[in-house]
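Biologist: Before I rely on any label attached to this model, I would like to hear what stands behind it. Could we go through the terms one by one, setting each value against its definition?

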Amino acid sequence: MTGIKEVSVIGLGYIGLPTAAILAANGIRVHGVDVNERNVVAVNNGEVPFVEPELGDFVARGVQAGMLSASLENKAADAYILAVPTPFNDDYSADLSYIEAAADGIAPLLTGDELVILESTSPPGTTEHLTRHLAAARPDLDMDQLLVAHCPERVLPGYVMKELVTNDRIVGGMTPRAAELAKKLYETFCKAEILTTDAITAEMSKLVENSYRDVNIAFANELSTISDKLGINVWELIELANHHPRVNILQPGPGVGGHCIAVDPWFIVAAAPDEAQLIRQARVTNDAKPHWVITKTELLMSKADNPVVALLGLAFKKNIDDLRESPALQIALALAKKNPSTRFVISEPNVEVLPTTFAAMENVELADPADAIEQAGTVVLLVDHDEYADIQPGQLEGKQVIDTRGQWRFCDQGTIEEHEVMENIHA
Ligand code: SAJ
(Lines give C-alpha, C1' and ligand atoms only; values in the text may rest on other atoms or scores of the structure.)
Protein backbone atom coordinates (compact mmCIF):
# COMPACT_ATOMS: atom_id res chain seq x y z
CA MET A 1 0.00 0.00 0.00
CA THR A 2 1.21 3.43 -0.88
CA GLY A 3 -1.12 5.38 1.34
CA ILE A 4 -1.87 7.30 -1.87
CA LYS A 5 -5.57 7.17 -2.63
CA GLU A 6 -6.01 10.11 -4.95
CA VAL A 7 -3.78 11.21 -7.81
CA SER A 8 -4.03 14.24 -10.03
CA VAL A 9 -2.58 13.84 -13.52
CA ILE A 10 -1.74 17.10 -15.25
CA GLY A 11 -1.73 16.77 -19.04
CA LEU A 12 -4.11 14.23 -20.61
CA GLY A 13 -2.11 13.50 -23.73
CA TYR A 14 -0.47 10.40 -25.15
CA ILE A 15 1.19 9.63 -21.79
CA GLY A 16 -0.92 11.36 -19.14
CA LEU A 17 -4.23 9.82 -20.15
CA PRO A 18 -3.00 6.20 -20.31
CA THR A 19 -1.28 6.68 -16.94
CA ALA A 20 -4.43 8.18 -15.44
CA ALA A 21 -6.56 5.36 -16.86
CA ILE A 22 -4.33 2.55 -15.65
CA LEU A 23 -4.07 4.03 -12.15
CA ALA A 24 -7.87 4.28 -12.06
CA ALA A 25 -8.11 0.63 -13.12
CA ASN A 26 -5.91 -0.28 -10.16
CA GLY A 27 -7.89 1.29 -7.35
CA ILE A 28 -6.55 4.86 -7.36
CA ARG A 29 -9.04 7.69 -7.72
CA VAL A 30 -7.71 9.89 -10.52
CA HIS A 31 -8.47 13.45 -11.46
CA GLY A 32 -7.11 14.52 -14.83
CA VAL A 33 -6.38 18.11 -15.75
CA ASP A 34 -5.89 19.52 -19.22
CA VAL A 35 -5.82 22.99 -20.76
CA ASN A 36 -7.68 21.67 -23.81
CA GLU A 37 -11.43 21.56 -23.21
CA ARG A 38 -11.88 19.01 -26.01
CA ASN A 39 -9.71 16.51 -24.10
CA VAL A 40 -11.57 17.15 -20.86
CA VAL A 41 -14.99 16.67 -22.46
CA ALA A 42 -13.85 13.51 -24.26
CA VAL A 43 -12.48 11.92 -21.08
CA ASN A 44 -15.60 12.73 -19.05
CA ASN A 45 -17.61 11.04 -21.82
CA GLY A 46 -15.40 7.97 -21.44
CA GLU A 47 -13.71 8.64 -24.80
CA VAL A 48 -10.15 9.06 -26.02
CA PRO A 49 -9.32 12.06 -28.21
CA PHE A 50 -6.57 10.19 -30.15
CA VAL A 51 -5.83 6.68 -31.42
CA GLU A 52 -4.26 4.24 -28.94
CA PRO A 53 -5.31 0.58 -28.85
CA GLU A 54 -7.13 -0.59 -25.67
CA LEU A 55 -7.01 2.85 -24.05
CA GLY A 56 -10.68 3.52 -24.89
CA ASP A 57 -11.84 0.57 -22.77
CA PHE A 58 -9.74 1.66 -19.82
CA VAL A 59 -11.03 5.23 -19.96
CA ALA A 60 -14.66 4.17 -20.38
CA ARG A 61 -14.44 1.75 -17.45
CA GLY A 62 -12.62 4.27 -15.23
CA VAL A 63 -15.22 6.96 -15.84
CA GLN A 64 -18.12 4.53 -15.39
CA ALA A 65 -16.69 3.29 -12.09
CA GLY A 66 -16.35 6.86 -10.87
CA MET A 67 -12.57 6.42 -10.53
CA LEU A 68 -11.58 8.78 -13.39
CA SER A 69 -12.73 12.31 -14.09
CA ALA A 70 -11.27 15.35 -15.81
CA SER A 71 -11.52 19.12 -15.67
CA LEU A 72 -9.75 22.30 -16.67
CA GLU A 73 -9.06 23.09 -13.00
CA ASN A 74 -6.57 21.51 -10.61
CA LYS A 75 -7.81 19.59 -7.61
CA ALA A 76 -5.99 18.68 -4.39
CA ALA A 77 -4.64 15.11 -4.26
CA ASP A 78 -2.12 12.92 -2.40
CA ALA A 79 0.13 12.81 -5.46
CA TYR A 80 0.51 14.81 -8.66
CA ILE A 81 1.86 13.45 -11.93
CA LEU A 82 3.02 16.03 -14.47
CA ALA A 83 2.82 14.71 -18.04
CA VAL A 84 3.05 17.89 -20.11
CA PRO A 85 5.05 18.56 -23.29
CA THR A 86 8.71 19.61 -23.26
CA PRO A 87 9.34 20.85 -26.80
CA PHE A 88 12.62 22.47 -27.76
CA ASN A 89 13.25 26.12 -28.56
CA ASP A 90 14.84 27.39 -31.79
CA ASP A 91 18.28 27.00 -30.20
CA TYR A 92 17.41 23.37 -29.20
CA SER A 93 17.26 24.19 -25.50
CA ALA A 94 14.18 22.75 -23.78
CA ASP A 95 11.07 24.84 -23.33
CA LEU A 96 10.14 24.24 -19.68
CA SER A 97 7.20 26.64 -19.72
CA TYR A 98 4.60 23.83 -19.69
CA ILE A 99 6.23 22.24 -16.65
CA GLU A 100 6.39 25.60 -14.91
CA ALA A 101 2.73 26.31 -15.74
CA ALA A 102 1.73 22.87 -14.37
CA ALA A 103 3.75 23.57 -11.20
CA ASP A 104 2.06 26.96 -10.82
CA GLY A 105 -1.29 25.18 -11.09
CA ILE A 106 -0.65 22.76 -8.24
CA ALA A 107 1.46 25.02 -5.98
CA PRO A 108 -1.53 26.70 -4.25
CA LEU A 109 -2.96 23.25 -3.39
CA LEU A 110 0.14 21.84 -1.70
CA THR A 111 0.14 21.26 2.03
CA GLY A 112 3.75 20.14 2.13
CA ASP A 113 4.01 16.36 2.18
CA GLU A 114 2.64 15.36 -1.20
CA LEU A 115 4.39 13.35 -3.86
CA VAL A 116 5.04 15.26 -7.11
CA ILE A 117 6.18 13.18 -10.07
CA LEU A 118 7.53 14.59 -13.30
CA GLU A 119 6.92 12.14 -16.19
CA SER A 120 7.69 14.54 -19.04
CA THR A 121 10.95 13.81 -20.84
CA SER A 122 13.25 16.50 -19.52
CA PRO A 123 16.83 17.80 -19.72
CA PRO A 124 19.15 16.95 -16.82
CA GLY A 125 18.39 19.15 -13.83
CA THR A 126 14.69 19.73 -14.61
CA THR A 127 13.33 17.86 -11.57
CA GLU A 128 15.52 20.04 -9.38
CA HIS A 129 14.31 23.10 -11.30
CA LEU A 130 10.71 22.00 -10.68
CA THR A 131 11.42 21.58 -6.95
CA ARG A 132 12.89 25.09 -6.75
CA HIS A 133 9.98 26.49 -8.74
CA LEU A 134 7.50 24.98 -6.29
CA ALA A 135 9.55 26.24 -3.34
CA ALA A 136 9.57 29.75 -4.78
CA ALA A 137 5.79 29.63 -5.28
CA ARG A 138 5.21 28.41 -1.70
CA PRO A 139 7.83 29.99 0.59
CA ASP A 140 5.48 29.25 3.52
CA LEU A 141 5.97 25.47 3.15
CA ASP A 142 8.80 23.36 4.51
CA MET A 143 10.04 21.99 1.19
CA ASP A 144 12.06 19.24 2.90
CA GLN A 145 8.76 17.46 3.37
CA LEU A 146 7.71 17.69 -0.27
CA LEU A 147 8.58 14.53 -2.21
CA VAL A 148 9.60 15.19 -5.80
CA ALA A 149 10.61 12.44 -8.24
CA HIS A 150 11.16 11.89 -11.95
CA CYS A 151 9.69 8.80 -13.55
CA PRO A 152 10.18 9.03 -17.31
CA GLU A 153 7.70 7.28 -19.54
CA ARG A 154 9.14 4.66 -21.91
CA VAL A 155 6.09 3.30 -23.70
CA LEU A 156 5.87 2.83 -27.44
CA PRO A 157 2.91 4.52 -29.14
CA GLY A 158 0.54 1.76 -30.30
CA TYR A 159 1.50 -0.53 -27.38
CA VAL A 160 1.08 1.89 -24.49
CA MET A 161 -1.44 -0.05 -22.37
CA LYS A 162 0.69 -3.20 -22.55
CA GLU A 163 4.05 -1.52 -22.05
CA LEU A 164 2.83 0.46 -19.01
CA VAL A 165 2.51 -2.92 -17.31
CA THR A 166 5.43 -4.82 -18.81
CA ASN A 167 8.27 -2.28 -19.24
CA ASP A 168 10.81 -1.83 -16.48
CA ARG A 169 10.69 1.67 -15.00
CA ILE A 170 13.28 4.05 -13.68
CA VAL A 171 12.32 6.24 -10.75
CA GLY A 172 14.69 9.03 -9.73
CA GLY A 173 13.99 10.88 -6.51
CA MET A 174 15.19 14.25 -5.30
CA THR A 175 15.51 12.21 -2.08
CA PRO A 176 15.57 8.42 -1.57
CA ARG A 177 12.23 8.71 0.24
CA ALA A 178 10.63 10.39 -2.78
CA ALA A 179 11.95 7.62 -5.06
CA GLU A 180 10.62 4.89 -2.75
CA LEU A 181 7.15 6.41 -2.51
CA ALA A 182 6.96 6.94 -6.28
CA LYS A 183 8.07 3.33 -6.77
CA LYS A 184 5.20 2.17 -4.56
CA LEU A 185 2.71 4.16 -6.60
CA TYR A 186 3.96 2.67 -9.91
CA GLU A 187 3.88 -0.81 -8.39
CA THR A 188 0.10 -0.54 -8.36
CA PHE A 189 0.07 -1.20 -12.13
CA CYS A 190 3.62 -1.93 -13.32
CA LYS A 191 4.45 -5.64 -13.07
CA ALA A 192 8.06 -5.26 -14.28
CA GLU A 193 11.15 -4.14 -12.38
CA ILE A 194 11.10 -0.62 -10.92
CA LEU A 195 14.60 0.67 -10.39
CA THR A 196 15.32 3.63 -8.14
CA THR A 197 18.04 6.22 -8.57
CA ASP A 198 18.52 9.98 -8.20
CA ALA A 199 16.51 12.43 -10.31
CA ILE A 200 19.27 13.56 -12.69
CA THR A 201 20.31 9.97 -13.53
CA ALA A 202 16.68 9.11 -14.27
CA GLU A 203 16.42 12.17 -16.53
CA MET A 204 19.55 11.14 -18.42
CA SER A 205 18.56 7.49 -18.69
CA LYS A 206 15.47 8.45 -20.65
CA LEU A 207 17.42 10.75 -22.98
CA VAL A 208 20.13 8.16 -23.45
CA GLU A 209 17.64 5.44 -24.45
CA ASN A 210 16.20 7.57 -27.23
CA SER A 211 19.64 8.85 -28.29
CA TYR A 212 20.90 5.27 -28.51
CA ARG A 213 18.12 4.54 -30.98
CA ASP A 214 18.70 7.79 -32.89
CA VAL A 215 22.41 7.05 -33.31
CA ASN A 216 21.67 3.51 -34.49
CA ILE A 217 19.06 4.75 -37.02
CA ALA A 218 21.52 7.41 -38.23
CA PHE A 219 24.04 4.63 -38.84
CA ALA A 220 21.41 2.75 -40.88
CA ASN A 221 20.45 5.92 -42.80
CA GLU A 222 24.09 6.59 -43.58
CA LEU A 223 24.45 3.02 -44.82
CA SER A 224 21.48 3.59 -47.13
CA THR A 225 23.09 6.59 -48.84
CA ILE A 226 26.48 4.84 -49.04
CA SER A 227 24.76 1.77 -50.52
CA ASP A 228 22.95 3.97 -53.02
CA LYS A 229 26.29 5.31 -54.21
CA LEU A 230 27.85 1.85 -54.42
CA GLY A 231 24.86 0.16 -56.04
CA ILE A 232 24.23 -2.17 -53.10
CA ASN A 233 20.80 -3.22 -51.77
CA VAL A 234 20.93 -1.78 -48.24
CA TRP A 235 18.18 -4.06 -46.91
CA GLU A 236 20.05 -7.15 -47.92
CA LEU A 237 23.29 -5.66 -46.59
CA ILE A 238 21.81 -5.01 -43.13
CA GLU A 239 20.09 -8.38 -43.01
CA LEU A 240 23.39 -10.10 -43.73
CA ALA A 241 25.40 -8.03 -41.25
CA ASN A 242 22.79 -8.69 -38.52
CA HIS A 243 23.53 -12.40 -38.76
CA HIS A 244 26.65 -11.61 -36.74
CA PRO A 245 25.79 -12.47 -33.11
CA ARG A 246 26.84 -9.06 -31.81
CA VAL A 247 25.51 -6.81 -34.61
CA ASN A 248 21.98 -5.40 -34.60
CA ILE A 249 21.65 -2.54 -37.07
CA LEU A 250 18.25 -0.82 -37.20
CA GLN A 251 16.42 0.04 -40.42
CA PRO A 252 16.94 3.06 -42.66
CA GLY A 253 13.91 5.17 -43.46
CA PRO A 254 12.87 8.55 -44.85
CA GLY A 255 14.08 10.23 -41.62
CA VAL A 256 13.24 10.05 -37.93
CA GLY A 257 9.90 11.38 -36.77
CA GLY A 258 7.78 11.48 -33.65
CA HIS A 259 8.11 13.70 -30.62
CA CYS A 260 10.76 11.75 -28.75
CA ILE A 261 13.68 10.33 -30.69
CA ALA A 262 14.00 13.42 -32.89
CA VAL A 263 13.87 15.72 -29.85
CA ASP A 264 15.46 14.13 -26.80
CA PRO A 265 19.06 13.92 -28.10
CA TRP A 266 19.10 17.71 -28.40
CA PHE A 267 18.62 17.97 -24.62
CA ILE A 268 21.89 16.09 -24.15
CA VAL A 269 23.61 18.25 -26.78
CA ALA A 270 22.37 21.40 -25.03
CA ALA A 271 23.61 20.12 -21.66
CA ALA A 272 27.09 19.13 -22.92
CA PRO A 273 27.66 20.73 -26.34
CA ASP A 274 31.40 20.07 -26.57
CA GLU A 275 31.16 16.44 -25.52
CA ALA A 276 28.02 15.28 -27.35
CA GLN A 277 29.58 15.15 -30.83
CA LEU A 278 28.26 11.79 -31.98
CA ILE A 279 24.78 12.44 -30.60
CA ARG A 280 24.61 15.78 -32.46
CA GLN A 281 25.84 14.24 -35.72
CA ALA A 282 23.16 11.52 -35.51
CA ARG A 283 20.50 14.23 -35.35
CA VAL A 284 22.04 16.05 -38.31
CA THR A 285 22.29 12.81 -40.34
CA ASN A 286 18.70 11.79 -39.61
CA ASP A 287 17.36 15.29 -40.28
CA ALA A 288 19.13 15.30 -43.65
CA LYS A 289 17.46 12.09 -44.83
CA PRO A 290 14.13 13.64 -45.93
CA HIS A 291 16.06 16.04 -48.19
CA TRP A 292 17.90 13.11 -49.74
CA VAL A 293 14.55 11.40 -50.45
CA ILE A 294 13.16 14.61 -52.00
CA THR A 295 16.16 14.95 -54.34
CA LYS A 296 15.99 11.27 -55.24
CA THR A 297 12.27 11.48 -55.99
CA GLU A 298 12.72 14.53 -58.23
CA LEU A 299 15.41 12.67 -60.14
CA LEU A 300 13.05 9.73 -60.67
CA MET A 301 10.19 12.02 -61.66
CA SER A 302 12.37 13.46 -64.43
CA LYS A 303 12.87 9.93 -65.82
CA ALA A 304 9.31 8.69 -65.56
CA ASP A 305 7.11 8.23 -68.62
CA ASN A 306 4.06 9.47 -66.73
CA PRO A 307 4.32 12.70 -64.66
CA VAL A 308 1.94 11.66 -61.84
CA VAL A 309 3.61 10.77 -58.52
CA ALA A 310 2.17 8.39 -55.91
CA LEU A 311 3.28 8.99 -52.31
CA LEU A 312 2.45 6.12 -49.96
CA GLY A 313 2.13 7.01 -46.28
CA LEU A 314 2.22 10.25 -44.28
CA ALA A 315 2.42 9.03 -40.65
CA PHE A 316 5.67 9.17 -38.70
CA LYS A 317 5.79 5.38 -38.57
CA LYS A 318 3.82 2.31 -39.55
CA ASN A 319 0.20 1.58 -38.65
CA ILE A 320 -0.51 4.78 -36.71
CA ASP A 321 -2.42 7.95 -37.59
CA ASP A 322 0.06 10.33 -35.96
CA LEU A 323 1.35 12.79 -38.57
CA ARG A 324 3.15 15.12 -36.17
CA GLU A 325 6.89 15.55 -36.83
CA SER A 326 6.58 13.06 -39.65
CA PRO A 327 9.38 12.93 -42.24
CA ALA A 328 6.88 11.41 -44.71
CA LEU A 329 4.63 14.44 -44.31
CA GLN A 330 7.62 16.77 -44.60
CA ILE A 331 8.66 15.07 -47.86
CA ALA A 332 5.14 15.12 -49.32
CA LEU A 333 4.64 18.81 -48.48
CA ALA A 334 8.03 19.83 -49.89
CA LEU A 335 7.55 17.87 -53.12
CA ALA A 336 4.05 19.23 -53.71
CA LYS A 337 5.16 22.79 -53.00
CA LYS A 338 8.32 22.62 -55.13
CA ASN A 339 6.50 21.02 -58.07
CA PRO A 340 3.17 22.84 -58.38
CA SER A 341 2.47 21.55 -61.89
CA THR A 342 2.96 17.89 -60.91
CA ARG A 343 -0.02 15.90 -59.62
CA PHE A 344 0.65 14.01 -56.36
CA VAL A 345 -1.70 11.20 -55.44
CA ILE A 346 -1.24 10.48 -51.75
CA SER A 347 -2.26 7.43 -49.76
CA GLU A 348 -2.58 7.41 -45.97
CA PRO A 349 -4.94 4.63 -44.87
CA ASN A 350 -5.17 5.97 -41.30
CA VAL A 351 -6.68 9.38 -42.13
CA GLU A 352 -9.89 10.35 -43.88
CA VAL A 353 -8.77 13.72 -45.22
CA LEU A 354 -5.43 15.27 -46.01
CA PRO A 355 -4.08 17.52 -43.24
CA THR A 356 -4.89 21.22 -43.53
CA THR A 357 -1.25 21.99 -44.38
CA PHE A 358 -2.11 20.81 -47.91
CA ALA A 359 -5.22 23.01 -48.06
CA ALA A 360 -3.85 25.66 -50.42
CA MET A 361 -2.39 23.09 -52.83
CA GLU A 362 -4.40 22.09 -55.85
CA ASN A 363 -1.95 19.45 -57.07
CA VAL A 364 -2.56 16.93 -54.25
CA GLU A 365 -5.31 14.40 -53.64
CA LEU A 366 -5.94 11.47 -51.29
CA ALA A 367 -6.54 8.04 -52.81
CA ASP A 368 -6.31 4.40 -51.86
CA PRO A 369 -2.91 2.80 -52.50
CA ALA A 370 -3.85 0.68 -55.52
CA ASP A 371 -5.43 3.71 -57.25
CA ALA A 372 -2.50 5.95 -56.43
CA ILE A 373 -0.03 3.43 -57.86
CA GLU A 374 -2.08 2.80 -60.97
CA GLN A 375 -2.23 6.48 -61.84
CA ALA A 376 1.46 7.17 -61.22
CA GLY A 377 4.67 6.99 -63.19
CA THR A 378 6.73 7.41 -60.00
CA VAL A 379 5.90 5.59 -56.76
CA VAL A 380 7.47 6.56 -53.43
CA LEU A 381 6.83 4.38 -50.38
CA LEU A 382 7.30 6.57 -47.32
CA VAL A 383 5.72 4.48 -44.53
CA ASP A 384 5.61 0.68 -44.24
CA HIS A 385 1.92 0.46 -43.32
CA ASP A 386 0.50 -3.09 -43.42
CA GLU A 387 -1.79 -1.98 -46.27
CA TYR A 388 1.23 -1.74 -48.60
CA ALA A 389 2.64 -5.20 -47.88
CA ASP A 390 0.42 -6.89 -50.46
CA ILE A 391 1.39 -4.68 -53.36
CA GLN A 392 2.77 -6.93 -56.07
CA PRO A 393 5.80 -6.28 -58.29
CA GLY A 394 3.47 -6.35 -61.30
CA GLN A 395 1.62 -3.26 -60.00
CA LEU A 396 4.89 -1.34 -60.10
CA GLU A 397 6.12 -2.56 -63.43
CA GLY A 398 7.48 0.11 -65.74
CA LYS A 399 7.28 2.75 -62.97
CA GLN A 400 10.06 4.58 -61.22
CA VAL A 401 10.04 3.31 -57.63
CA ILE A 402 11.68 4.37 -54.39
CA ASP A 403 11.04 2.32 -51.28
CA THR A 404 12.38 4.25 -48.30
CA ARG A 405 11.40 1.51 -45.81
CA GLY A 406 12.47 -1.70 -47.50
CA GLN A 407 8.93 -3.03 -47.45
CA TRP A 408 9.23 -4.28 -50.99
CA ARG A 409 12.48 -6.15 -50.88
CA PHE A 410 12.21 -6.64 -54.63
CA CYS A 411 13.01 -2.95 -54.98
CA ASP A 412 16.57 -1.88 -54.55
CA GLN A 413 16.57 1.54 -52.97
CA GLY A 414 20.25 1.81 -53.78
CA THR A 415 20.13 2.00 -57.55
CA ILE A 416 17.19 4.18 -58.27
CA GLU A 417 18.67 5.90 -61.33
CA GLU A 418 18.55 2.83 -63.47
CA HIS A 419 15.58 1.53 -61.56
CA GLU A 420 13.20 -0.84 -63.16
CA VAL A 421 11.28 -3.10 -60.83
CA MET A 422 13.21 -6.31 -60.57
CA GLU A 423 10.48 -8.87 -60.69
CA ASN A 424 11.05 -12.25 -59.12
CA ILE A 425 14.50 -11.32 -57.96
CA HIS A 426 14.05 -13.41 -54.83
CA ALA A 427 11.88 -16.04 -56.48
N1 SAJ B 1 12.71 4.42 -37.22
C2 SAJ B 1 13.55 4.14 -38.28
N3 SAJ B 1 14.23 2.95 -38.27
C4 SAJ B 1 14.11 2.05 -37.26
C5 SAJ B 1 13.27 2.35 -36.16
C6 SAJ B 1 12.57 3.56 -36.17
O7 SAJ B 1 13.69 4.93 -39.23
O8 SAJ B 1 14.74 1.00 -37.34
C9 SAJ B 1 11.96 5.72 -37.20
C10 SAJ B 1 10.44 5.52 -37.18
O11 SAJ B 1 9.94 5.30 -38.46
C12 SAJ B 1 9.99 6.84 -36.58
C13 SAJ B 1 11.12 7.16 -35.58
O14 SAJ B 1 12.23 6.38 -35.99
O15 SAJ B 1 9.94 7.85 -37.57
C16 SAJ B 1 10.78 6.85 -34.15
O17 SAJ B 1 10.05 5.62 -34.05
P18 SAJ B 1 10.31 4.54 -32.90
O19 SAJ B 1 9.37 3.43 -33.10
O20 SAJ B 1 11.75 4.18 -32.85
O21 SAJ B 1 10.04 5.33 -31.55
P22 SAJ B 1 8.87 6.25 -30.95
O23 SAJ B 1 9.27 7.68 -31.17
O24 SAJ B 1 7.53 5.84 -31.41
O25 SAJ B 1 9.00 5.86 -29.40
C26 SAJ B 1 10.26 6.00 -28.74
C27 SAJ B 1 10.54 4.71 -27.94
N28 SAJ B 1 11.92 4.74 -27.45
C29 SAJ B 1 12.78 3.70 -27.67
O30 SAJ B 1 12.47 2.71 -28.31
C31 SAJ B 1 14.14 3.81 -27.06
C32 SAJ B 1 9.57 4.59 -26.78
O33 SAJ B 1 9.89 3.46 -25.96
C34 SAJ B 1 9.60 5.87 -25.94
O35 SAJ B 1 8.68 5.81 -24.85
C36 SAJ B 1 9.21 7.02 -26.84
O37 SAJ B 1 10.20 7.12 -27.88
C38 SAJ B 1 9.19 8.30 -26.01
O39 SAJ B 1 8.08 8.76 -25.69
O40 SAJ B 1 10.25 8.80 -25.63
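Biologist: Which residues does Glu119 touch, not counting residues up to four places away in sequence?

Modeller: Glu119 touches Ile15, Thr19, Ile81, Leu82, Ala83, His150, Cys151, Pro152, Glu153, Arg169 and Tyr186, where contact means heavy atoms within 4.5 Å. This is a predicted model, in which local features need pLDDT of at least 70 and side-chain atom pairs count only at pLDDT 80 or more, while totals for chains, interfaces and linings use all residues. Residues are numbered from 1 along each chain as its sequence is written, and side-chain values use heavy atoms, with hydrogens and water left out.

Biologist: What makes Glu119 count as buried?

Modeller: Buried means under 20% relative accessible area, exposed means over 50%, and partly exposed lies in between, with a 1.4 Å probe and protein chains only. Glu119, which sits in the loop between β5 and α5, has 1% relative accessibility and therefore counts as buried.

Biologist: Why are the buried residues of α5 said to line one face of the helix?

Modeller: The buried residues of α5 are Thr126, Thr127, Leu130, Thr131 and Leu134. Seen down the helix axis, they fall within an arc of 150°, so they line one face; the arc is that of the directions from the axis to the C-beta atoms. On the other side of α5, Arg132 and Ala136 are exposed, whereas the cover over the buried residues includes β4, α4, β5, β6 and α8.

Biologist: Why is strand β1 called largely enclosed?

Modeller: Four of the five residues of β1, residues 6–10, are buried, so the strand is largely enclosed by the rest of the structure. Two strands pair if DSSP finds at least two bridges between them, and β1 meets this with β2 (residues 29–33), in the parallel sense over five bridges. From β1 the chain crosses through helix α1 (residues 16–25) to β2, in a right-handed β-α-β crossover, a term that applies if, with the strands pointing away from the viewer, the path from the first strand over the helix to the second runs clockwise. Four bridges also join β1 to β4 in parallel.

Biologist: What makes β3 and β8 the edges of the sheet?

Modeller: The open sheet has eight strands in the order β3-β2-β1-β4-β5-β6-β7-β8, with mixed pairing. β3 (68–71) and β8 (194–198) each have a single partner strand, so one side of each is left without a neighbour in the sheet. An antiparallel pair is formed by β6 and β7, over two bridges, and the bridge partner of His150 in β7 is Gly172.

Biologist: Why is Asn319 called partly exposed, and why is Glu325 called exposed?

Modeller: Asn319 has a relative accessible area of 35%, and so it is partly exposed, whereas Glu325, at 54%, counts as exposed. Asn319 has a positive phi of about 60° although it is not a glycine, and Glu325 has a positive phi of about 50°, again without being a glycine. Most residues other than glycine have a negative phi.
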